[in-house]
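Hi everyone, thanks for coming. Today I'd like to walk you through one protein chain, a piece at a time. Please have a look at it before we start.

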Amino acid sequence: MLNDFLPVWKRQKEIKKAFGKHTTLKDAIESFGVPHTEIGLILCNSLPASFEQKVIEGALVSVFPHFKTIDIGKLAPILFERPKQFKFILDVHLGTLARYLRLLGFDTLYNNTYSDAQLADIAYAEERILLTRDPGLLKRKKVKQGYFVRAIEPRLQAIEILREFHLKENLSPFGRCLRCNGLLQSVNKVEIKNVVPPKVCEIHNSFLKCQCCAKIYWPGSHYHRMKSLVLWLQIHAY
C-alpha cells in the first residue's frame, strides 16, 4: 500500500538515498512522499525502529503499512491506538464524503475554509482522524491519526473508509445533521408547524431537528433516497 505514494519507476524495489546524520527516520521516509500516518512498522537493519531514531550510514530500512491480518509476532509496530469513538475531520476535497459519513452517524467536521494548519490543529486538539487526498497534509507533526483516501468517487470513498476502519458495526444512520454535523432530535410537529411548508405538516408526523443549526428533517422523497444509499453502503462495506 505504501507504494501508492511512490512514482511508478520506484515501486517494489530497493531505493538508495543519502541523508544528513541528524535526519530522523520520519523525515527520511516522508521525503519519499509516504506520510507517517500510513506507517505501521519500521525495521532498521532488521530491528524495530521508531520515527525519532536517526538514520544510520549504510542501514537497510524497511517500511510497512499498518498490519490488519498478518501476525508480526514480537516485532514492535508503530503505536496506533484504535479510537474509542471515530471522529473525523476532512479536507476541502472531501465535502461529499463528509455528508456521507454524517449520514451514517459519524462525528465529521468539514469546512472548506479550513487551512492545512487549522486542519492539523483541530485534528490534534480534538483527537480526530484526518481524512485527506493530500499526502503532504498527513506529514504534519501534529497529525497523529490520518488516512490518505485513495478512491476518487465519493461513494467508493465512503466504502473505503468503512473498510479501512472496520466501521460497519458502528453505523448509526440519520443521527446527525448533513449540513452542520449537529445531533438530531425528535421534535413535535406542533413546535415546527410555522417552519416547514403546510403541506409537509399535513402529510408527515415524524420530524427531526438539528440541535445546532435548527434545520428540520422529515421522511420525504429525499429520505428514501438516502435510506437506499445507506443500505447500498452497508452491503458493500465488506
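Predicted model: local features only at pLDDT ≥ 70, side-chain atom pairs only at ≥ 80, totals over all residues.

Let's begin with the overall picture. The C-alpha trace spans about 75 × 35 × 35 Å along its principal axes. The chain has 238 residues, and 40% of them count as buried. Its accessible surface comes to about 14,100 Å², with 53% of that belonging to carbon and sulfur atoms. If you take contacts between residues at least 6 apart in sequence, 58% of them join residues at least 24 apart.

What does the record say? An unreviewed UniProt entry places the feature "domain: Mut7-C RNAse" at residues 87-229. Over that stretch, the chain is 37% helix and 16% strand, and the C-alpha atoms at its ends are 21 Å apart.

Now let's step back towards the start of the chain. There is an open sheet of 3 strands, ordered S2-S1-S3 with antiparallel pairing. Which strands sit at the edges? They are strand S2, residues 47-48, and strand S3, residues 61-65, and each of them pairs on one side only. Strand S1, residues 39-44, runs antiparallel to S3, and 5 bridges join the two. If you want a spot to look at, find Ile42, which stands opposite Val63 in S3.

Is Glu30 buried or exposed? It is buried, because its relative accessible area is 8%, and the cut-off for buried is under 20%. Its side chain makes a polar contact with the side chain of Lys26, at 2.9 Å. Beyond its neighbours within four places in sequence, Glu30 is in contact with Pro35, His36, Leu138 and Lys139.

Let's move on to helix H5, residues 154-164, where the buried residues include Ile159, Ile161 and Leu162. What do the buried residues of H5 pack against? Their partners are strands S4, S6 and S7, together with helices H2 and H8. At the N-terminal end, Glu153 caps H5, with a side-chain oxygen 2.9 Å from the backbone nitrogen of Arg155. After H5 comes His166, which has a positive phi, near 50 degrees.

Helix H8 is also where you'll find Met226. Met226 counts as buried, at 16% relative accessibility. Leaving out residues up to four places away in sequence, Met226 touches Leu103, Phe174 and Leu178.

Last topic: salt bridges. How many are there in the whole structure? The search finds 6. One of them joins Asp107 and Arg128, with the closest N and O atoms 3.0 Å apart. Asp107 is in strand S5 and Arg128 is in the loop between helix H3 and S6, so this pair ties together parts that are 21 residues apart in sequence. Asp107 is buried at 15% relative accessibility, and Arg128 is buried too, at 6%. Arg128 also forms a salt bridge with Glu126, at 2.7 Å between the closest N and O atoms. Glu126, for its part, is partly exposed, at 33%.

To finish, look for Asp4, Glu38 and Arg150, which are linked in a network of salt bridges.

Terms used: Residues numbered from 1 in each chain as written. Heavy atoms only, no water. UniProt positions renumbered as here; feature names shortened; annotations may be inferred. Helix = DSSP H or I, 4+ residues; strand = E, 2+ residues; numbered from the N terminus. Pairing = 2+ DSSP bridges. Buried < 20%, exposed > 50% of the residue type's maximum accessible area, 1.4 Å probe, protein only. Polar contact = N/O pair within 3.5 Å; in protein donor to acceptor, adjacent residues only side chain to side chain. Contact = heavy atoms within 4.5 Å. Areas by Shrake-Rupley, 256 points an atom, 1.4 Å probe, with all protein chains shown as cover. Salt bridge = Lys/Arg side-chain N within 4 Å of Asp/Glu carboxyl O.
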